[in-house]
Amino acid sequence: MVNASVFHLVTRLLPACLLSALPCSAAYAQHAPLTLAQFEHKAWTIRDGAPAYLTSIAQTTDGFLWLGSSTGLYRFDGVRFEQFTGPPGQPLPSTNICALLALPDGTLWIGYRFGGASLLAANRVTSYGESEGLPGGTLWQFGRDSAGVVWAATNRGLARLDGDHWTRIGGESGVPGTYAVPVLVDRRGTLWVGTDSGVFALSSKARKFEPRLKPRFWVDEAIREAPDGSVWSTSIGRGLTRLSDANGGPPPTGPRVRGDATGALFIDGGSNAWVGLKGGIGRFSLLDSPGASARQWLSRAEGLSGGTVYALFEDREHNMWVGTDGGLDRFRPTKLRPVPLPTPFNLPAITAGDDGGIWAASLSNAPFNIDNGGRMHAVTSVRDSIQCAYRDRHGVVWLGGPQGLWRLQGSTFVRVELPTDVRHGIQSLAIDGADRLWISVVRRGVYRRTSDKWEKLDYQPDPAVYILADGAARTWLGYTNNRLVRVDGEVSRTFTTADGLRVGNILAIQVRGQHLWIGGERGVAQLSQGRFVPLTGVDGDTFLGSSGIVETPGGELWLNGARGVTRIGAEEVRAALRDPTHRVRFERLDFHDGLDGVPSQIRPLPTAIEGSDGRLWFVTGTAVMWLDPRSVFRNLLPPPVQIQSLAAGDSTYSPGGTVSLPARTTAMQINYTALSLSVPERVHFRYQLVGSDTGWIDIGTRREAYYTNLRPGSYRFRVIAANEDGVWNMAGASMQFLIPPTFAQTPWFFALWALAAAVATWLAYRLRVRRVASAIRARFDATLAERTRIARELHDTLIQEFIGITLHLQGVRRMLPVHPDEAATALSNVLSRADTTLVDARNMVTDMRSGGIERQDLADALTETARNAVVGTTIVVQLRVCGEPRRLPRPLELTTLRIAREAVVNAVKHAAPRRVDIVLAYTRSDLRLRVRDDGCGLSPSEASVAPNNGHWGIVGMRERATSLGGALEIAGTLGRGTVVSLSLPTVGVHSTDLEGVKPGSRAT
């Protein structure tokens, strides 16, 4: 195993170095290499949750950045720091972490300051110590060869993992030292190790290590391989040292030394060494070429998280991570490369120079030239403030400011004579197709010089904000308040809001071919068929404050505006030119992409130009940046997506298999993340809960999902994400979970409920049938009872009377021949009896009807009934009402009426009274009726035997009273009259007060 080739860093470093060189080989290959100051730098300290004394960094295949520190192991997704203490029930042996190694299979090796190691695999921890053969003491670094063998360097020697046991590598293998720190496997398979006896190397064909460098003061801190294959190390006392040439042999000219590089080391794809220096971090080129950058430096005072660098690491997206005693730092290249400028540098004005360079000046600095290599060349011929820079079609550079106007001749700027009345600064200038000079002077207006003669132009009364001369010999002048003047020869035309121009104050004009673009405070407009139409983004963006516009030869449109630098693709531009109403898709660059500040909204203008080499330059109030539109740096790696936890109630669940939640769970929170570490603030998410959501939900940058009112069932949560450049991981991550139903939510419960409902419905139906049948029977019984009553009354009165009349008539017939006088008398008696029978028949008809009870109150009905009963007599009837009259149910009033009529009729027929008194009394609980006459009277015995004598009226009265729960009493004394008393209960029955009916007496 000692002779085996060790390729663990080949698989890691070689692809990383090659990929990290991509930005240089594409957008930046022909330009100066990046300096440390041109990287976007962000620091996290303990205020942000980052650990201090961060000694090791690794990235696992799931994208997490693992951070080892003296206070524990952490993982970082670019947004949140999460301390990892071990899987449930498996705590890590120590919190003082010194070394980390992430393997291609997703496992993570952890080395501890006080000795020992652990392997984190599949959420399980396996720990190793001296009992497993691992040398004691601090474990400084891990390594892994191409055969998958893991090596460990400790301060008690070097060891190799054989199966489940560690084997110590000692002097018999050619490594005499007892103290090992750095380990490296280069692209040739050679294993490099630094010990207290020097640096040793084991080639893939050798059986023993061979010495490569003797120790000096201290063991080497780090060993790294450069892109050309050479190997380098750092150590105290020797600094940065070259250990081999590109072929693995001895350095051709001996070790190269940088004595101040004594700590951590990393070599990027551009052959730049990142090293830990005393008080901070340094970066410098290992190349000897003329373009090699000088040393760059960043200390804690300049923004580094700490003063001592312990760890350097490059992730899969080529971000450089730095671990310090104070926290964590990230360095990454941005799409916009900032230009280092002297400070202060306020309101820079720029224009294109030769060979891809630019000229730059400002109100606070004299002008200078920046060549294609990024080097600055100061100009001594102009020392005044500059607020306007311009390059004409002949390549001549012009500069204007508050103190005058200058023109470049050769390598010197010479002053240009201005009109005598010009006392203020120059806002804008241009040279038209006839080589006439146009200038706009602050507070004065627009001037034009022809053959050294100046004239003031009166197209508009105020100065132009911006002047542009296009390739068609036309001059364009932009003014405030939506005014644009086009001068073609000596013919001018003014465009205003009447022509659709609504950009506010005009700040930028761009002409390429037949395309005219106008930028202003309120947006961008294009000229289409003689009218201006606004340019609008898909989200309604109007590109406010666009003070710089460039249309590239490839058809892209770049804007420098209040919300950042905007790129509109060529296809979108063509679509907008074909259809002015088309809403364009666009890309917005901001501070995440290297943009520093906002562009000027008055001067200097323009704030975006195209260089002579095709690069685009953008300026803000204090900064200058550039990019090459032909090869903008893109992050093409889709971000790994991970679901971290599901929280429901007081419990938290980890993904894995199907998670069963408690019954009655209706609300939950799902936490997820995506591991794009370059610009995590721009990672975009979409999620869907299959079983609840009908489609994907675009949630933006939020990393939590919330659900409420969930029903029992099986669900699958899916989430996908895109990085800052819109590259989507469509596979994403998913989590299956189940909400079991309670018994009340199961199909059995609903089946039982349906059955119970059916039974209840059937029972209700049966009860209804019974009630209907009972009601029918009750009506039938009532009808039968009424028919029986009528039959009784017919039998008692009409039939008996008719029989008697028939018998009398037969007797009269027999008497007529013999005794005609007696027959006449008998016939008179028969007629009298017939009249009486007729009255009885009329009374029966009245009794069968309601007696007008529907149209009258009870007292009126009693009065009318009594009046009918005493017609043809001298009997006086008196009715008196007591209590508060009210309307009672019809059966109750009708029964009272009929009983009263029966009592009055009986008195008239049988008692020969002179007076009948009726009293109707309303109480809270009942209705009372009393009928008193002063006739011959009726003894109690006669009342009780009335049915036996064939008189059914009294029986009918009692039956009616009893049917309504009432009571009837008949009291009489011979010679002193009869009293009939009725009491009917009214409690629980509905009643209505009668208006206009007062208690009192009335006579009949």
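This report walks through a predicted model of one protein chain, from the whole chain down to single residues.

## The chain as a whole

Let's start with the big picture. The chain has 1004 residues, and 52% of them count as buried. Its secondary structure comes to nine helices and 75 strands.

## How confident is the prediction?

The average pLDDT over the chain is 87, and 88% of the residues score at least 70. Residues 1–29 are another story, with pLDDT below 50. In the model, this stretch still has 82 contacts beyond near neighbours in sequence. A word of caution goes with that: where pLDDT is low, the predicted coordinates should not be read in detail.

## Thr 55, a residue in strand β2

Now for a single residue. Thr 55 sits in strand β2, which covers residues 54–59. Is Thr 55 buried or exposed? Its relative accessibility is 16%, so Thr 55 counts as buried, the cut-off being under 20%.

Leaving aside residues up to four places away in sequence, Thr 55 touches Gly 68, Ser 69, Ile 97, Cys 98, Arg 113, Tyr 310 and Ala 311.

## A four-stranded sheet

Next up is an open sheet built from four strands, in the order β60-β59-β62-β65, with antiparallel pairing. Which strands stand at the edges? They are β60 (651–653) and β65 (704–707). Each has a single partner strand, so one side of each is left without a neighbour in the sheet. From one strand to the next, the twist averages 20°.

Strand β59, residues 641–648, pairs with β60 in the antiparallel sense over three bridges. Look for Leu 646, which stands opposite Tyr 653 in β60.

Strand β48 spans residues 523–528, and Gln 526 is part of it. Gln 526 has a relative accessibility of 3%, so it counts as buried. What does its side chain reach? The side chain of Gln 526 gets to the backbone oxygen of Ala 576, at 2.9 Å. Not counting residues up to four places away in sequence, Gln 526 touches Leu 516, Trp 517, Arg 531, Phe 532, Val 533, Ala 576, Leu 577 and Pro 580.

Gln 529 is in the loop between β48 and β49 (531–534). With 82% relative accessibility, Gln 529 counts as exposed, whereas Gln 526 counts as buried. The backbone of Gln 529 is worth a look too: phi is near 55°, a positive value in a residue other than glycine.

## Val 573 in helix α3

Helix α3 runs over residues 570–578, and Val 573 is found in it. Val 573 has a relative accessible area of 4%, so it is buried. Which residues does Val 573 touch, not counting those up to four places away in sequence? The list is Trp 517, Gly 555, Glu 556, Leu 557 and Ile 568. Trp 517 is also among the residues that Gln 526 touches.

Val 573 and Arg 585 are 12 residues apart along the chain, and their C-alpha atoms are separated by 9.3 Å.

## Backbone details in the loops

Phe 543 lies in the loop between β50 (536–537) and β51 (548–551). Its phi is positive, about 60°, although Phe 543 is not a glycine. Where Gln 529 counts as exposed, Phe 543 counts as buried, at 3% relative accessibility.

Finally, have a look at the loop between β55 (587–589) and β56 (608–610), where you'll find Pro 604. The peptide bond from Arg 603 to Pro 604 is cis, with omega near 0°. Pro 606 is in the loop between β55 and β56 as well. Leu 605 and Pro 606 are joined by a cis peptide bond, with omega about 0°.

Key: Residues numbered from 1 in each chain as written. Predicted model: local features only at pLDDT ≥ 70, side-chain atom pairs only at ≥ 80, totals over all residues. Heavy atoms only, no water. Helix = DSSP H or I, 4+ residues; strand = E, 2+ residues; numbered from the N terminus. Buried < 20%, exposed > 50% of the residue type's maximum accessible area, 1.4 Å probe, protein only. Contact = heavy atoms within 4.5 Å. pLDDT = per-residue confidence, 0-100. Polar contact = N/O pair within 3.5 Å; in protein donor to acceptor, adjacent residues only side chain to side chain. Pairing = 2+ DSSP bridges. Axes fitted to C-alpha atoms, helices over the stretch in contact; angles between N-to-C directions.
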